[in-house]
Amino acid sequence: MNLASLITLNDPTSHVTESYKLLRTNLNFINLENKYQVLLFTSAAKEEGKTTTIANLAITLAQSGKRVLLIDADLRLPRIGKIFDISLNQPGLSNMLVDGLIFDSVLNKVKDLEKFEILTAGDRQVSPTELLNSDAFEQLIIACRKEYDIILIDTPPVLNFADASIVSKVADGSLLVVAANETKKAMIVEAKKTIDKVGGVLLGVILTKVKFKKSSDYYGYGEDKGHSKKEKKLKKKK
């Protein structure tokens, strides 16, 4: 696995991991009535951290005991398989929908995360728009609702392709990933308009690539510098 991207596995006590847990908590808070079982992730443009975000969030949700399915519906530039070190030749979503493969046969497990499963994009050459707009894809999501607590779907940038807008028809809510100090405000506004236009429900915006100042690092339990100085003075007196 690409542990550099999967920081929630690689460094479970880091402040970045804590941020993902906070995101999980916020999602749980707005989902007290389990209205949002299928969540779509998109961005305004490419390379905003969308796929890394959804992968780490999926892990933290599975760690909390939920049964999680992560679907790579970014058929144009699939990255979920690469992050989890799954072969590019592994059959996935496109193979299942086109060739009629059995769902269980294309699922991928993650070590030590029993309730977490991944459906990669697959390697079938298809029209992403046609495939995601098919009855077969809609029926797949309906069937998965019976098996999983939460289903996360990675899609291409909403301003570049129609795929995210199409998938939003089967999702309960959408989350827009925005790169701090990179994504222009006009693009964010346009992305929201695009989601609204097709009747999608934008649940929130996730800010990525935020640079933390070293001096303002997150709450330092056990690192109270003032207290440490006091202890040093006491030791000197002894």
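This is a predicted model: local features need pLDDT of at least 70, side-chain atom pairs count only at pLDDT 80 or more; totals for chains, interfaces and linings use all residues.
Reader: How do you know that the length of helix α3 agrees with its number of residues?

Author: Helix α3 covers residues 50–63, and at 1.5 Å a residue its 14 residues should span 20 Å. The C-alpha atoms at its ends are 20 Å apart, which agrees with that expectation.

Reader: What makes α3 mostly covered?

Author: Of its 14 residues, 12 are buried. Among them are Ile54, Leu57 and Leu61. After α3 comes Gly65, which has a positive phi, near 105°.

Reader: Why are the rings of Phe84 and Phe116 called a pair, and of which kind is that pair?

Author: Ring centres must lie within 6.5 Å to pair, and those of Phe84 and Phe116 are 5.7 Å apart. Planes over 60 degrees apart count as edge-to-face; here the planes stand at 70°, so the pair is edge-to-face. Phe84 belongs to the loop between α4 and α5, and Phe116 to strand β4, so the pair ties together parts that are 32 residues apart in sequence.

Reader: Is Phe84 buried or exposed, and how do you know?

Author: Buried means under 20% relative accessible area. Phe84 has 6%, so Phe84 is buried. Phe116, at 0%, counts as buried by that cut-off.

Reader: Why is the contact between Arg145 and Asp172 called a salt bridge?

Author: The nitrogen and the carboxyl oxygen must lie within 4 Å. The closest N and O atoms of Arg145 and Asp172 are 2.9 Å apart, so the contact meets the cut-off.

Reader: How are Arg145 and Asp172 classed by accessibility, buried or partly exposed?

Author: The cut-off for buried is under 20%. Asp172, at 19%, counts as buried, whereas Arg145, at 28%, counts as partly exposed.

Reader: Where do Asp196 and Lys192 lie, and what makes their contact a salt bridge?

Author: Both lie in helix α9, four residues apart, about one turn of the helix. Residues three or four places apart in an α-helix point the same way, because there are 3.6 residues a turn. The N to O distance between Asp196 and Lys192 is 2.6 Å, and the cut-off is within 4 Å. Asp196 is partly exposed, at 37%, and Lys192 is partly exposed, at 41%.

Reader: Which residues do salt bridges that share partners join into one network?

Author: That network consists of Arg67, Lys109, Glu117 and Glu147.

Methods. Residues are numbered from 1 along each chain as its sequence is written. Side-chain values use heavy atoms; hydrogens and water are left out. Helices (H or I, at least four residues) and strands (E, at least two) are DSSP runs, numbered from the N terminus. The expected span of a helix is 1.5 Å times one less than its number of residues. Buried means under 20% relative accessible area, exposed over 50%, partly exposed in between (1.4 Å probe, protein chains only). Rings of Phe, Tyr and Trp (its six-membered ring) pair if their centres lie within 6.5 Å; planes under 30 degrees apart count as stacked, over 60 as edge-to-face and the rest as tilted. A salt bridge is a side-chain nitrogen of Lys or Arg within 4 Å of a carboxyl oxygen of Asp or Glu.
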